[in-house]
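I opened this notebook to record what I looked up in the structure shown below. The entries follow the order in which I made them.

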Amino acid sequence: MTVETDKQCISIIMPSYNSAEYIAHSIESVLSQTYPNWELLLVDDGSSDNSLSIIESYLKDSRIKLLSQQHKGAAKARNLALQEAKGDYVAFLDSDDWWEAEFLQDMLKTATETGCDIAYCGWQRTGLPEKLCPRYVPPDYSQGGLMEALMRENVWPIHSALSRRSLLEHLGGFNETLPCCMDFDLWLRASPDISVALVPKVLSYYRFHSSTQITSQKARLIIVHLEVQLSFLENRPELFQTIPDDQINHWTWDRVRRKAYENFWRGEFTASSQLFRHLLKQGQWHWKDLSHTLFSLLPTYIQERVLPRT
């Protein structure tokens, strides 16, 4: 690590809402970083458990700062911290996730050597059966294709990236009107105009708490993902003038349709019904979807009686 790199401060932003069970682990992963020049901006989002007292026990480290707001959500919390951030680069770590000790060092080394706007790395999910939690290193988008990849799926989670603070300020931070997918929206808005670099290591970890975390908001995530795509298409039409309509539909409405069928065949009738109903409401259903669309209009308990899960 060069002297010049050592002088660059990294601002780490961590929103916290009722995270007493896990936040100490997340903070400890910051304290264990091999790169020392960081500040941790913890934003208590109106917690009602004892997570605030846990946070306060770490404030003896002068690099850790506490900000507070009434319960307004992660986007507002992150934007509040961005206003206070002093670092040249910014990393986001949720209060139940964690990093390898070399995360900041390796990410900053790549960012400074390449001059990129965003460095990103591999990650692993935890809290699910092992077969559902592979270690994953994403493709290298440094030579192009990032926007198209993002139109298909979110290509890295929020805790697996290191971004220039100037870029985040230019983008205006996170969209506070979105109930979810705020990081996907941020990366997509940034994608046409930035350079990125891959750190080909698994350095970050995402924690699933229970199967309900996956299923309870599945349809909402897919629908908001669609809304982010449609907003981007509307705001940046010049980027898609040469892309066929069939391709755009494949990324957007057909993606929702595919997800609806995937959930149906897994027996996730609540999610599949919400998605088929959304397609119907928006006038995007197809005649070939008719039987599944009509089935989605039945109450879930009747669907489960007609097609019980095996």
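**Entry 1: Ser19**

I looked up the contacts of Ser19 and found that Ser19 touches Asp49, Ser51 and Ser95, leaving out residues up to four places away in sequence; contact means heavy atoms within 4.5 Å. The model is predicted, so I noted that local features need pLDDT of at least 70, side-chain atom pairs count only at pLDDT 80 or more, and totals for chains, interfaces and linings use all residues. Residues are numbered from 1 along each chain as its sequence is written, and side-chain values use heavy atoms, without hydrogens and water.

I placed Ser19 in the loop between β1 (10–16) and α2 (23–31); helices (H or I, at least four residues) and strands (E, at least two) are DSSP runs, numbered from the N terminus. With a relative accessible area of 6%, Ser19 is buried (under 20%; exposed is over 50%, partly exposed in between, with a 1.4 Å probe and protein chains only). Ile54 is 35 residues from Ser19 in sequence, and their C-alpha atoms are 9.5 Å apart.

**Entry 2: Gln229**

I found Gln229 in helix α10 (residues 218–235). Gln229 is buried, at 1% relative accessibility. Among the residues that Gln229 touches are Met151, Phe184 and Trp251, not counting residues up to four places away in sequence.

**Entry 3: α10 and its partner**

I then examined the axes of α10 and helix α12 (residues 253–265), which come within 10 Å and cross at roughly 170°; axes are lines fitted to C-alpha atoms over the stretch in contact, with angles from 0 to 180 degrees between N-to-C directions. The two helices α10 and α12 are therefore roughly antiparallel (over 145 degrees).

Note on methods: Angles under 35 degrees count as roughly parallel, over 145 as roughly antiparallel, 65 to 115 as roughly perpendicular and the rest as oblique.
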